[in-house]
Amino acid sequence: MVYRVLPRGGEKISVIGLGMGGMQITDQSEIQAIVTKAIDNGINYFDMCAGGINVYEPFGKAIKGRRDKIYFQLHFGAVYNSNGEYGFSRDKKTIIDTFEWEMKTLGTDYVDFGFLHCVDEESDVKALKDTGIFDFVKGLKNSGVVKHLCFSSHTPKVANLLLDTGVMDLMMFSVNPAYDLERGDEYGIGSTLERAQLMRRCQKEGVGISVMKPFHGGQLLSAETSPFKKAMTATQCISYCLDRPAVVTVLAGAVKLSELDELLKYPSSTAEERDYSIIGEFTPAAAVGNCVYCNHCQPCPVGIDIGLVNKYYDLSLSGDVMAHGHYDKLKVKADKCIKCGHCNSRCPFKVNQQDKMQKIEKYFKGV
């Protein structure tokens, strides 16, 4: 397994995480087996949203005696009825009652990541403050019951409002090629530029991102359902998400063991298997000429990591003061470009990387 470090906290989090919400239809014995196998194979991050009784009980059994080896997200606003069915609430008492039930059922006395749930409208931000839910969760963090204060959102404008508070350690955000290239559904909110700027802001401010909907609800995995009319693999989708700024982990679903096995192929996958440059065929006009760090242009004959050079440049432009230092540490920088044209000929997004390398060189040298 591959791990990334959470900027605020230092936890080492597996780049593949499991979203437990889709497992309501799975037999409890298989849920326990999936979680156990995931942990055995290095997955240490889980999202409990929409799980309910059928998921919480076997999950609690699977992590018993291994609590210190895993992290999970609980959502303040995701609630469950007596049948374990998921619902949404902004009622403080209902949320507190749900939280107490969750802690008891999971057999834990602390939560790694406490999320303000589904904050998609400006009215949601106001409701969280007016009802006291925001202060309640902040109080849990101050007391150590919640280790990290976080939020989930689909809306860049609203996400920025929560980032403005300065107290968020992690954002759960929907990321996939369909959403980022403006070919998604009602949850793929924001333009290509708005979404990119949000992720760059998170990188700049040290706020991690846990990815939801990496496969666009499974639609990207089938040519019949994909908005692009071509299928991508799970590995390609995961690779795409992990190349976005600030992403720490990708929360994929697995409702049976065979689906978990597919996810576990990612860490040992080849560069060819991770190559998602197929999305260059779907790129809207707004994204043409913009590097998405896919590195389909590789190999560079002089060894420039073109995607990484572009990423540090974009982050520096967005105000990330650490990006310049990261660039300086690169063994091969933009000034080594020999203008051979190999990258330009391979770029699916029609980026003139030859000219870009000159521009980036001058920028970082302060010319």
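Of the 87 residues in the largest nonpolar core, M20, F46, F59 and F72 touch the most other members. A nonpolar core is a set of buried Ala, Val, Leu, Ile, Met, Phe, Trp, Tyr and Cys residues joined through side-chain atoms within 4.5 Å. Buried means under 20% relative accessible area, exposed means over 50%, and partly exposed lies in between (1.4 Å probe, protein chains only). Helix α9 (residues 234-242) gives this core its largest share, six residues. A second, separate core has 15 residues, among them I304, I306, A334 and C343. In soluble globular proteins, nonpolar side chains tend to be buried together.

This is a predicted model: local features need pLDDT of at least 70, side-chain atom pairs count only at pLDDT 80 or more, and totals for chains, interfaces and linings use all residues. Residues are numbered from 1 along each chain as its sequence is written, and side-chain values use heavy atoms, with hydrogens and water left out.

**The fold**

The protein chain has 15 helices and twelve strands. Both are DSSP runs, numbered from the N terminus: helices are H or I with at least four residues, strands are E with at least two. Eight strands form a closed barrel with parallel pairing, in the order β3-β4-β5-β8-β9-β10-β11-β12. Two strands pair if DSSP finds at least two bridges between them. Strand β9 (residues 146-153) and strand β10 (residues 170-174) run parallel and are joined by four bridges. Here S152 stands opposite M172 in β10.

Contact means heavy atoms within 4.5 Å.

| Residue | In contact with (heavy atoms within 4.5 Å) |
|---|---|
| F72 | F46, M48, F59, I63, R67, L106, T108, Y110, V111, D112, F113 |
| Q353 | C291, I306, N310, C343, N344 |
| G87 | G77, A78, V79 |

Q353 lies in helix α15 (residues 353-365). Its relative accessible area is 2%, so Q353 is buried. G87 lies in strand β7 (residues 86-88). The C-alpha atoms of G87 and S268 are 38 Å apart, with the two residues 181 apart along the chain.

**The whole chain**

Of the 367 residues, 54% count as buried. Among contacts with a separation of 6 or more, 71% join residues 24 or more positions apart. The C-alpha trace spans about 65 × 40 × 35 Å along its principal axes.

Key: Lists of a residue's contacts leave out its neighbours within four places in sequence.
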